[in-house]
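Look through the structure below before reading on.

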Amino acid sequence: MDISRDKLNEWVKSLDLDMVGVAGIDGYRDVEPQWNPLSILPKAKSIVVFGKSIPRSYFRGIEEGTLWNRVNRQLTPKPAYYLCRMFEDNKFLAVPCTPLAPERWPDGVVFKEGKPAPNVTPDIYYAAQLAGLGEIGYNGTFLTPQFGARQALGMLFTEAEIESDKPFKSGQLCDREKCKACVKGCPAKALSTTPITRKVGDQTIQVGKFENEKCKFCVNGAFPDTSLASAPPNRLAAACTRACIACLEDNGKVKTNYKSKFRRHDAWGFDTFAA
Ligand code: SF4
Ligand code: SF4
């Protein structure tokens, strides 16, 4: 291996991050070029996904309906910048992944036959599940055993070979058949109980289908995507995901040291076009 896991863990800790996982390139065999890190760094050997927990307090005002904080699902560019420098100081190329809405693609002209149009936008949740950090939940949010839905993620691709993690097996956190608290938690009924399927490496998972017109104007805590106004919003603090946070904690799937429950009374909410 070019970089040991101990070394990577040390770098991540020095940047005050809470988690790191590594996905091998094998999981990208069948990924379309416009979503594939290999279109950006053809000799990439490892996809590194890292994250930091978001304190519960960030959700409090929205849960009470009294203060709207923006709860970012992706990290600022700074940790990726410093991690890339650490790789480069050790003689290996590393490229930070810019978090853009995949719906922006195609976002420019094809410059060479056989190459995808810009901007190639690898899916960070897909990478995070392959890197063993957690799983994509029914409501499309990324869930981890440590923090449930409460983390922001970042990602880079590197030519360094690093021991990879096993992909996280779906269903350990999100019990799609029995739970669906996210569906019940949407006051606008924008999340369907009828799932669609998607591939994550070798696994086929089920995720809910959203009525994006309703989500785009959601008044229950969602924020517009900052990279594309017409893309689905950031739902991390929306009613659907806050219901998930409460459900995972109340059912003991995510253990916390908080003395009080996340949800302390019935959730408020409005249908999108009723507010
Ligand atoms: S973002 Fe808003 S409208 Fe969409 S599913 Fe979540 S709570 Fe419902
Ligand atoms: S609320 Fe339940 S079904 Fe929905 S994403 Fe969370 S764990 Fe999965």
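The sections below take up the helices and then the ligands.

## The model

The structure is a predicted model.

## Helix 1

Helix 1 spans residues 5–14, and its buried residues are Leu-8, Trp-11 and Val-12. These three cover an arc of only 95 degrees around the axis, so they lie on the same side of helix 1.

What do the buried residues of helix 1 pack against? Their partners are strand 1 (19–24), strand 2 (46–53) and helix 3 (77–89). The other side of helix 1 holds exposed residues: Asp-6, Asn-9, Glu-10, Lys-13 and Ser-14. After helix 1 comes Asp-16, which has a positive phi, near 65 degrees.

## Helix 2

Helix 2 runs over residues 57–64, with Phe-59, Ile-62 and Glu-63 as its buried residues. Why are they on the same side of helix 2? They are placed there because they cover an arc of only 100 degrees around the axis. On the other side of helix 2, Ser-57 and Glu-64 are exposed.

The buried residues of helix 2 pack against helix 7. Helix 2 is followed by Gly-65, and the phi of Gly-65 is positive, near 80 degrees.

## Around ligand 1

Ligand 1 is surrounded by 15 residues, of which Cys-186, Cys-215, Cys-218, Ala-238 and Cys-240 are the closest. Sorted by class, the shell around ligand 1 has eleven nonpolar, two polar and two charged residues.

Which helices each supply at least two residues of this shell? They are helix 6, residues 212–216, and helix 7, residues 239–250.

## Around ligand 2

There are 13 residues around ligand 2. Those that come nearest are Gly-137, Cys-174, Cys-179, Cys-182 and Cys-244. The shell around ligand 2 divides into nine nonpolar, two polar and two charged residues.

Helix 5 (181–185) and helix 7 each contribute at least two residues to the shell around ligand 2. The largest share, four residues, comes from helix 7.

## Helix 7 in review

The buried residues of helix 2 pack against helix 7. Helix 7 also supplies at least two residues of the shell around ligand 1, and four residues of the shell around ligand 2 come from helix 7.

How values were computed. Residues are numbered from 1 along each chain as its sequence is written. Chains are lettered from A and ligands numbered from 1 in the order in which they are written. This is a predicted model: local features need pLDDT of at least 70, side-chain atom pairs count only at pLDDT 80 or more; totals for chains, interfaces and linings use all residues. A residue is near a molecule or strand if its C-beta atom, placed from the backbone, lies within 6 Å of it. Ala, Val, Leu, Ile, Met, Phe, Trp, Tyr, Cys and Pro count as nonpolar, Asp, Glu, Lys and Arg as charged, and the others, Gly among them, as polar. A residue is buried if 20 or more other C-beta atoms lie within 10 Å of its own, exposed if 12 or fewer, and partly exposed in between; C-beta atoms are placed from the backbone. The arc is that of the directions from the helix axis to the C-beta atoms. Two residues are in contact if their C-beta atoms, placed from the backbone, lie within 7 Å.
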